[in-house]
Amino acid sequence: MISMGGLPRVLVVDDEEPLARLVASYFERDGFEVETTGSGREAINLTRQLDPGVIVLDLGLPGIDGVEVCRTVRTFSDCYIVMLTARVEEVDKLIGLSVGADDYVTKPFSPRELLARVRAMLRRPRSSLDPDAQTRRFGALTVDAAGREVHLHAEPVELTRTEFDVLAALAARPRMVFTRRQLIEAVWGEGWVGDEHLVDVHIGHLRRKLGDDPTTPIFIKTVRGVGYRMGSGE
């Protein structure tokens, strides 16, 4: 996963070869080791072989599209995935994120901005909570921030890095109601720029994995007009 320069490898997957080369050149100039491909099937194979830390993944690939690539990669890798889409409909963005993408960027985009977004993701703190607050319990749900593990009824719950970070942020301050902006700053960083409804997508995915009925949630509560907070689990 880590290149010779100490940075995670980046896999750029886009069938527009000039765009893929342009994106790759920005990452390479910043010290990343980069591989490119325009094939979804090859992207899956390269991910298995190279274990990249970040995948920049076009949604509209021919053959196996970005959604299917993302879904497959998520069965064996927790690397960061940034989805690229030329479609403006919100549903396409949500579909991509619902299978495990961490972020999305709409074409046309600035490669410099994309690089900054990836850099922000890689700077996320992994163990910034107080030692006494590392493990939290909410009924049958246990969130272990230090071990980056989640258990429900003593069974492990598989989460992506971003899903875990969102849940850990909520769990660390269970009495606090987080606005979307506050969760963005806690998880994606203060410099993140984009659609804050990204938070809603990850909350929805977390609820599905935790079996939390969105109409009467017990783990992640919606505070209407404000945001989200942890529930008691009961």
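Predicted model: local features only at pLDDT ≥ 70, side-chain atom pairs only at ≥ 80, totals over all residues.
Colleague: Let's begin with helix H1; how far apart are its end C-alpha atoms?

Modeller: Helices here are DSSP runs of H or I with at least four residues, strands are E runs of at least two, and both are numbered from the N terminus. The expected span of a helix is 1.5 Å times one less than its number of residues. H1 covers residues 17-29, so its 13 residues should span 18 Å, and the distance between its end C-alpha atoms agrees at 18 Å.

Colleague: Which elements do the buried residues of H1 pack against?

Modeller: Buried means under 20% relative accessible area, exposed means over 50%, and partly exposed is in between, using a 1.4 Å probe and protein chains only. In H1 the buried residues are Leu19, Ala20, Val23, Ala24, Ser25, Tyr26 and Phe27. With contact taken as heavy atoms within 4.5 Å, these residues pack against strand E1 (10-13), strand E2 (34-37), E3 and H5.

Colleague: Moving to helix H2, within what arc do its buried residues fall?

Modeller: H2 runs over residues 40-50, and Gly40, Ala43, Ile44, Leu46 and Thr47 are buried there. The arc is taken from the directions between the helix axis and the C-beta atoms. Seen down the axis, the buried residues line one face of H2, because they fall within an arc of 165°.

Colleague: And which exposed residues does the face of H2 turned away from its buried side carry?

Modeller: The buried residues of H2 pack against E1, E2, E3 and H3. The face turned away from that buried side carries the exposed residues Arg41, Arg48 and Gln49.

Colleague: On to charges: which residue meets Lys107 in a salt bridge?

Modeller: A salt bridge is a side-chain nitrogen of Lys or Arg within 4 Å of a carboxyl oxygen of Asp or Glu, and the count by this rule comes to 16. Lys107 has an N to O distance of 3.1 Å to its partner, Asp58. The pair links distant parts of the chain, 49 residues apart, with Lys107 in the loop between strand E5 (103-106) and helix H5 (111-122), and its partner in strand E3 (residues 54-58).

Colleague: How many residues apart are Arg71 and Glu68?

Modeller: Their side chains meet in a salt bridge at 2.7 Å, N to O. Arg71 counts as partly exposed at 39% relative accessibility, and Glu68 is partly exposed at 35%. Both sit in helix H3 (residues 66-73), separated by about one helical turn, because they are 3 residues apart.

Colleague: Which residue forms a salt bridge with Arg181?

Modeller: Arg181 lies in helix H7 (residues 180-187) and its partner in the loop between H7 and H8, so the pair ties together parts that are 15 residues apart in sequence. The closest N and O atoms are 3.0 Å apart, and the partner is Glu196.

Colleague: Turning to the cysteines, how far from Cys70 is the nearest cysteine sulfur?

Modeller: Counting a disulfide as a pair of cysteine sulfur atoms within 2.5 Å, a search of the whole structure finds 0. Cys70 is in no disulfide, and the nearest cysteine sulfur, that of Cys79, is away by 8.3 Å.

Colleague: Is Arg207 buried or exposed, and which side chain of opposite charge is nearest?

Modeller: Arg207 has its place in helix H8 (residues 198-210). Lys and Arg count as positive and Asp and Glu as negative, while His and the chain ends are not counted. Arg207 is buried yet has no salt bridge; at 4.5 Å, the nearest side chain of opposite charge is Asp212.

Colleague: Last one: what is the relative accessible area of His202?

Modeller: His202 is also placed in helix H8. Leaving aside neighbours within four places in sequence, His202 is in contact with residues including Leu97, Asp102, Glu163 and Trp188. His202 is buried, with a relative accessible area of 1%.

Conventions
Residues numbered from 1 in each chain as written. Heavy atoms only, no water.
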